Every structure is written in structure tokens, then in C-alpha cells.
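Subject: Structure handover

Hi,

Here is the structure for your files. My notes on it follow below.

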Amino acid sequence: MESIEDLIESLAGDAEPVRPARNPFLTWLKWTGMAAAYVFFALLISGHRNDLAERLHSPIFIAEMASLVFMVCSAALSASLLSFPDLYQRGRIVYLPLLSAACFAVVMMVAWRLDNPPSPLPVHSYQCTLSIALLSLLPMFSIFRSLRKNASTHAGWAGVNAVLYAFGTGAIWLRLEEATNSIAHVLEWHYLPMLLVGIIGLWLGKKLLKW
């Protein structure tokens, strides 16, 4: 019968080396960089709205885009930390998307009140939600693939943030591409679907990220 020392040596020799997980803040930088590059190349293909230069002089539009970017970046940061069992000892930061979502809601409420009289609605409606969803498939696949390599103990919340990161990336692209100033349209077909997306992310997280 083998001694304990021989058994340990045998098991250690058979074990495959495990690559250390990447620092979550480096992962966050990678994901945000990928999102920015993705939006840039998508706009190269689709073109940007013809009044973009004018809109970039609108404080409320700048606030809307800044708060949307904040939400996407905070979702990516939260997801990267949630991929660690101990949340990388940064437990409070994983709830940053709740603050960014609140800021975004306030900005959109102000934008809705300022849109008076209401801007004309575009001729399309649900097509915007479909466009955002289709564009978000690639970043969604990428972030879930990365999350599965680690060991999240909060799979549902990680899934919510992963999907919001991907859908928010698509929403940034469409807001820069679609020439509409109708806040009613943007709220209904660009941003409110994020609530449903969050529920889907909760289900996907529990399905795909569990051990």
C-alpha cells in the first residue's frame, strides 16, 4: 500500500496545471475596449445619424449617452468581479450597475420632460429592439464564454450584468445611428426592453454559469 506521501506525489504529478484567472479589472478594460471597438466598426458599416454633430452640442443628449456608457461599463465591471467566487473582495462594487441604472433613469426622465412638444415618432418601432438584440449577440457570446472560464457563485446576477453589457453596447450603436429625437420612441423601443433583457440574463446566468 502506498504511503500518504507517495499518494500525494502521484496525484500532484497527474494534475494538469491551471492557468491563473486574469485580474478582473484588466478583464473589465478588455471588455470595455471591445465594446468601444465594436460600436466604432458597426458605425463604419451602418453609418452614423446625419445630425450627429448637432446632437453632440445638446447637453441632454450628451448626458443620455454618458449615463448609458456608465451603465455598460459598470455592468462589465460587475460581471468581471462576479466571475470570482469571493467577488475579488470587492463586494460593494458589484452593485454599481444599480446606481448607474438610477442615474440613467433620471436623465431619461429629464429628457422626456424636455421633449415638449414631443418630437415626431419615426415610421418604425419594434425593428429598433430587434436591431439592438441582433447586434448584441456577438458581445453576449463573448462575455458569457469568458465568464464560464471562472467560477461565479452569483450566476444569476452575473448573467444580468453580462446581458445588460451586451444589450447596452447595441443600444449605444443604434442611438448614434438612428436619426430620431423622439424620446417616447427611444424609451419604448430602445431602453425599456432592457427590463426584459435583465430577466433573460438572470435565467441565462443560472443556466450557463452554474458549476
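Read along the sequence, the pattern is α-α-α-α-α-α-α-α-α. That is nine helices and zero strands. Helices (H or I, at least four residues) and strands (E, at least two) are DSSP runs, numbered from the N terminus.

Two notes on the source. This is a predicted model: local features need pLDDT of at least 70, side-chain atom pairs count only at pLDDT 80 or more, and totals for chains, interfaces and linings use all residues. Residues are numbered from 1 along each chain as its sequence is written, and side-chain values use heavy atoms, with hydrogens and water left out.

Overall dimensions and burial

Along the principal axes, the C-alpha atoms fill a box of roughly 85 × 35 × 25 Å. The chain has 211 residues, and 43% of them are buried. Buried means under 20% relative accessible area, exposed means over 50%, and partly exposed lies in between (1.4 Å probe, protein chains only). Accessible areas come from the Shrake-Rupley method with a 1.4 Å probe; for residues, only the protein chains shown count as cover.

Helix H7

H7 covers residues 155-177, which is 23 residues. From first C-alpha to last it reaches 33 Å, close to the 33 Å expected at 1.5 Å a residue. The expected span is 1.5 Å times one less than the number of residues. Of the 23 residues in H7, 21 are buried, so the helix is largely enclosed by the rest of the structure.

Phe 167 sits in H7. Its relative accessibility is 4%, so Phe 167 counts as buried. Phe 167 and Leu 137 are 30 residues apart in sequence, and their C-alpha atoms are 8.3 Å apart in space.

Salt bridges

How many salt bridges are there? The count comes to two. The rule is a side-chain nitrogen of Lys or Arg within 4 Å of a carboxyl oxygen of Asp or Glu.

- Arg 175 pairs with Glu 64, with the closest N and O atoms 2.5 Å apart. This pair links distant parts of the chain: Arg 175 is in helix H7 and Glu 64 is in helix H4 (residues 59-82), 111 residues apart. Both Arg 175 and Glu 64 are buried.
- Arg 49 pairs with Asp 51, with the closest N and O atoms 2.6 Å apart. Arg 49 counts as buried because its relative accessibility is 1%. Asp 51 counts as buried too, at 15%.

Surface patches

Patches are made of residues with over 30% relative accessible area and no salt bridge; like charges are joined within 9 Å, nonpolar side chains (Val, Leu, Ile, Met, Phe, Trp, Tyr) within 5 Å. For charges, Lys and Arg count as positive and Asp and Glu as negative; His and the chain ends are not counted. The place of a charge is NZ of Lys, CZ of Arg, CG of Asp or CD of Glu.

The positive patch gathers Arg 22, Lys 30, Arg 145 and Lys 149 on the surface. Arg 22 lies in the loop between helix H1 (4-14) and helix H2 (24-46). Arg 22 is partly exposed, at a relative accessible area of 45%.

The nonpolar patch is formed by Phe 40, Phe 41, Leu 44 and Ile 45. Together they have about 500 Å² of accessible area. Phe 40 is in helix H2. Its relative accessible area is 48%, so Phe 40 is partly exposed.

Val 39 is also found in helix H2. Val 39 is buried, with a relative accessible area of 9%. The C-alpha atoms of Val 39 and Arg 113 are separated by 29 Å, and the two residues are 74 apart along the chain.

Which two residues does a cis peptide bond join? They are Asn 116 and Pro 117, with omega about 0°. Pro 117 lies in the loop between helix H5 (96-114) and helix H6 (126-147).

Tyr 88 has a phi near 55°, a positive value in a residue other than glycine. Gln 89 also has a positive phi, of about 55°, and is not a glycine. At 30% relative accessibility, Tyr 88 counts as partly exposed. Gln 89 counts as exposed, at 68%.

Best regards
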